Amino acid sequence: MKSFAQRGFTLLEFITTLIVASVLGSMMYSFFASSVIHSTIPLVTLKKTLALHTVMENIMADYVSPLKWRESVQWRKETDYSADAMIIPLTDNGRVYKCTNAGTSDSSEPIWPASGTVSDGTVTWTENGKGNELSILADKIGAADPNNMKEKTYGKYYVKENKFIKFINFSEVEISGGDSKDILRVTIKNDGGTLTALFTVAD
């Protein structure tokens with residue numbers, strides 16, 4: 001009858017097994033740790049992308065109706081205006097005016113100057129250059145500055161582009177703005193992407 005002796009691991013086999021297990025464990029840790037860390041990146045990017053879409057939706061909601069936007073920024077009688085508020089006259093003269101002294105407007109519209117200031121009740125208006133209702137929207141969005149984040153009523157965003165354009169002979173030309181046929185092009189961005197929208201004045 002044959003007898004079988006129970007044989008255990010030798011010290012060398014034990015050490016070899018331990019080394020192999022350590023190497024495999026290290027490889028698995030490196031792989032899964034990287035997967036866990038990077039698995040959150042798409043979610044963070046998606047969150048930032050949705051935030052940017054919300055900002056653009058807020059801007060477009062403000063300008064959902066060009067006619068209503070024009071009415072909202074036209075001068076109104078017996079209305080409280082805060083400093084830096086901007087308006088266009090009821091009788092459009094192709095210029096924009098900024099409130100440089102807060103107060104309440106008069107019961108009748110003032111005669112708007114081509115330059116300088118005009119008193120209106122307890123409000124002082126200062127001529128702010130040629131423009132129209134789109135000029136006020138552009139001012140509200142903020143000047144192009146891709147390196148500094150804006151924190152305005154629309155949300156948090158960077159303004160990559162905020163300019164007036166016109167197409168002449170099928171070519172895009174940047175202009176100062178103020179004409180009824182001008183187009184305002186706005187490009188905003190964050191770490192989640194970039195969005196562009198075009199705005200026109202009401203007919």
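Predicted model: local features only at pLDDT ≥ 70, side-chain atom pairs only at ≥ 80, totals over all residues.
1. Asp-182 and Lys-166 form a salt bridge, their closest N and O atoms being 3.7 Å apart; the term denotes a side-chain nitrogen of Lys or Arg within 4 Å of a carboxyl oxygen of Asp or Glu. Asp-182 lies in the loop between strand 9 (171–175) and strand 10, and Lys-166 in strand 8 (residues 155–168), so the pair ties together parts that are 16 residues apart in sequence. Helices (H or I, at least four residues) and strands (E, at least two) are DSSP runs, numbered from the N terminus. Asp-182 is buried, with a relative accessible area of 2%, whereas Lys-166, at 26%, counts as partly exposed. Buried means under 20% relative accessible area, exposed over 50%, and partly exposed in between, with a 1.4 Å probe and protein chains only.

2. Residues are numbered from 1 along each chain as its sequence is written, and side-chain values use heavy atoms, with hydrogens and water left out.

3. The salt bridges come to 10 by the rule given above. One of them joins Arg-95 to Glu-127, with 2.9 Å between the closest N and O atoms. Arg-95 lies in strand 3 (residues 95–101) and Glu-127 in strand 6 (residues 123–130), so this pair ties together parts that are 32 residues apart in sequence. Both Arg-95 and Glu-127 are buried.

4. A further salt bridge, at 3.4 Å from N to O, brings together the side chains of Glu-161 and Lys-163. Both Glu-161 and Lys-163 are buried. These two residues also belong to a network of salt bridges that links Glu-161, Lys-163, Glu-172, Glu-174 and Arg-185.

5. Val-186 is found in strand 10 (residues 183–190) and is buried, with a relative accessible area of 0%. Leaving aside neighbours within four places in sequence, Val-186 has contacts that include Glu-161, Met-56, Ile-141 and Phe-199, a contact being heavy atoms within 4.5 Å. The C-alpha atoms of Val-186 and Phe-199 are separated by 8.1 Å, and the two residues stand 13 residues apart along the chain.

6. An open sheet is formed by four strands in the order 2-3-6-5, with antiparallel pairing. Its edge strands are strand 2 (86–87) and strand 5 (117–120), each of which pairs on one side only. Two strands pair if DSSP finds at least two bridges between them. Strands 5 and 6 run antiparallel and are joined by four bridges; Asp-120 stands opposite Val-123 in strand 6.

7. Strand 7 (residues 145–152) pairs with strand 8 in the antiparallel sense, over four bridges. A hairpin joins strand 7 to strand 8 through two residues, and Lys-152 stands opposite Gly-155 in strand 8.

8. Helix 4 (residues 133–141) has seven of its nine residues buried, so it is largely enclosed by the rest of the structure. The buried residues of helix 4 include Glu-133, Leu-137 and Ile-141. Asn-132 caps the N-terminal end of helix 4, a side-chain oxygen lying 3.0 Å from the backbone nitrogen of Leu-134. After helix 4 comes Gly-142, whose phi is positive, near 110°.

Conventions:
Polar contact = N/O pair within 3.5 Å; in protein donor to acceptor, adjacent residues only side chain to side chain.
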